[in-house]
Amino acid sequence: MSQTHAIESRTDTLTGTGIPSGRLGVWWFLASEIILFGGLIGTFILFRHGNPEWVAAAEHLSLTIGTINTFVLLTSSLTIVMAFAAVDKGDSRRMRTWLFLTILLGFVFLGIKAFEWSTEIGAGFIPSTGGFWSFYYAMTGLHALHVMAGIVINTILFISAVLDRLKPHEYRIELAGLYWHFVDIVWIFLFPLLYLA
Amino acid sequence: MAGEKAHPNYVAVWFWLVGLMVASVAISLFHFSESATVVVIFTIAVVKAVLVALNFMHLRFERLLIYSLAIVPLLLFFILTAVLFPDIASH
């Protein structure tokens, strides 16, 4: 049995499947999220294929900004999994540091995204400009909402840790991490769909 | 220590992810044929997603039920997109 199983079996209720309830619940939630983003991404792929002229619209996006934001989100996935590894080692101080860095990187991602949006809107590209821009704002907007939700979750955990109230529930760092990594994976596909293809 | 043994090398995974990101950007900048570029950059995206899921989300340690929770909705996504493809993409 892996250590990740052992941690939660100490602190989280096991379901009849033998999987801790928290982890099973988050994976069920992520399954619904795959359908949510999958529907949007699948529809974009179909329309993008049917509208080759969208390439011209996509060229107005900043590849540099998109790449930097991809780097930021990939790095935040590392920091939150390092927070979980610190929990595993019983190192609460490092856990708080890694969690704080994850929150910070989440804000950096949103700040860069806000700058990017404002630049595009300033240049006259709004959702009603065309099909590509409708999808662009819908997909990146929905993703940004998920980043915001992740920041809220991570901040609640961080404050609980600072107040020393997280101790019996530190396995929740892994649950928050599962969600955060999923948000990262969604961006891993949005990046080539919007900026590269 | 058992805990250290159970954790993948997260920093190495992160290096791979960043390297693959750089590779996909570089490939998109070179003007190969469009279809070849699309295939390569989306293959890279799938590899990155699998790396995150297996290592950061610890899917490699999980049971069949968790795998099915991840795979079934993905299959639905592929089926939905594939069956609509001939109707929408060609109009």
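The C-alpha centres of the two domains of chain B, domain 1 and domain 2, lie 22 Å apart. Domain 1 covers 1-57 and domain 2 covers 63-91 of chain B, with bounds that come from an automatic or database domain assignment. This is a predicted model, in which local features need pLDDT of at least 70, side-chain atom pairs count only at pLDDT 80 or more, and totals for chains, interfaces and linings use all residues. Residues are numbered from 1 along each chain as its sequence is written, while chains are lettered from A and ligands numbered from 1 in the order in which they are written.

**Chain A as a whole**

- Chain A holds seven helices and zero strands, where helices (H or I, at least four residues) and strands (E, at least two) are DSSP runs numbered from the N terminus.
- Along the sequence, the pattern of chain A reads α-α-α-α-α-α-α.
- Taken along the principal axes, the C-alpha atoms of chain A fill a box of roughly 55 × 35 × 20 Å.
- Of the 197 residues in chain A, 42% are buried; a residue is buried if 20 or more other C-beta atoms lie within 10 Å of its own, exposed if 12 or fewer, and partly exposed in between, with C-beta atoms placed from the backbone.
- Among contacts in chain A between residues at least 6 apart in sequence, 75% join residues at least 24 apart; two residues are in contact if their C-beta atoms, placed from the backbone, lie within 7 Å.

**A closer look at chain A**

- Helix α4(A) has 26 residues and reaches 38 Å from its first C-alpha to its last, close to the 38 Å expected at 1.5 Å a residue; the expected span is 1.5 Å times one less than the number of residues.
- Because 19 of its 26 residues are buried, α4(A) is largely enclosed by the rest of the structure.
- After α4(A) comes A:Gly90, with a positive phi near 75 degrees.
- A:Thr43 sits in helix α2 of chain A and counts as partly exposed, because it has 17 C-beta neighbours inside 10 Å.
- A:Thr43 and A:Phe135 are 92 residues apart in sequence, yet their C-alpha atoms are 9.1 Å apart in space.

**Where the chains meet**

- The contact takes 39 residues from chain A and 40 residues from chain B.
- On the chain A side, the elements that give two or more residues are α1 (3-11), α2 (21-50), α4 (63-88) and α7 (172-196).
- The largest share of that side, twelve residues, comes from α4(A).
- The chain A side divides into 22 nonpolar, 14 polar and three charged residues; Ala, Val, Leu, Ile, Met, Phe, Trp, Tyr, Cys and Pro count as nonpolar, Asp, Glu, Lys and Arg as charged, and the others, Gly among them, as polar.

**Helix α3 of chain B and its partner**

- Helix α3(B), residues 34-56, has 23 residues and reaches 32 Å from its first C-alpha to its last, close to the 33 Å expected at 1.5 Å a residue.
- Its buried residues include B:Ile41, B:Lys48 and B:Phe56, and what covers the buried residues of α3(B) includes α4 and α7 of chain A together with α2 (10-29) of chain B.
- Helices α7(A) and α3(B) pack at an angle of about 175 degrees, with their axes 10 Å apart; axes are lines fitted to C-alpha atoms, for helices over the stretch in contact, and angles run from 0 to 180 degrees between N-to-C directions.
- That angle makes α7(A) roughly antiparallel to α3(B), a term for angles over 145 degrees.
- Residues of this contact include A:Ile185 and A:Phe189 of α7(A) and B:Ala45 and B:Val52 of α3(B).
- The contact of α7(A) with α3(B) divides into twelve nonpolar residues, one polar and two charged.

Technical notes
Parallel < 35°, antiparallel > 145°, perpendicular 65-115°, else oblique.
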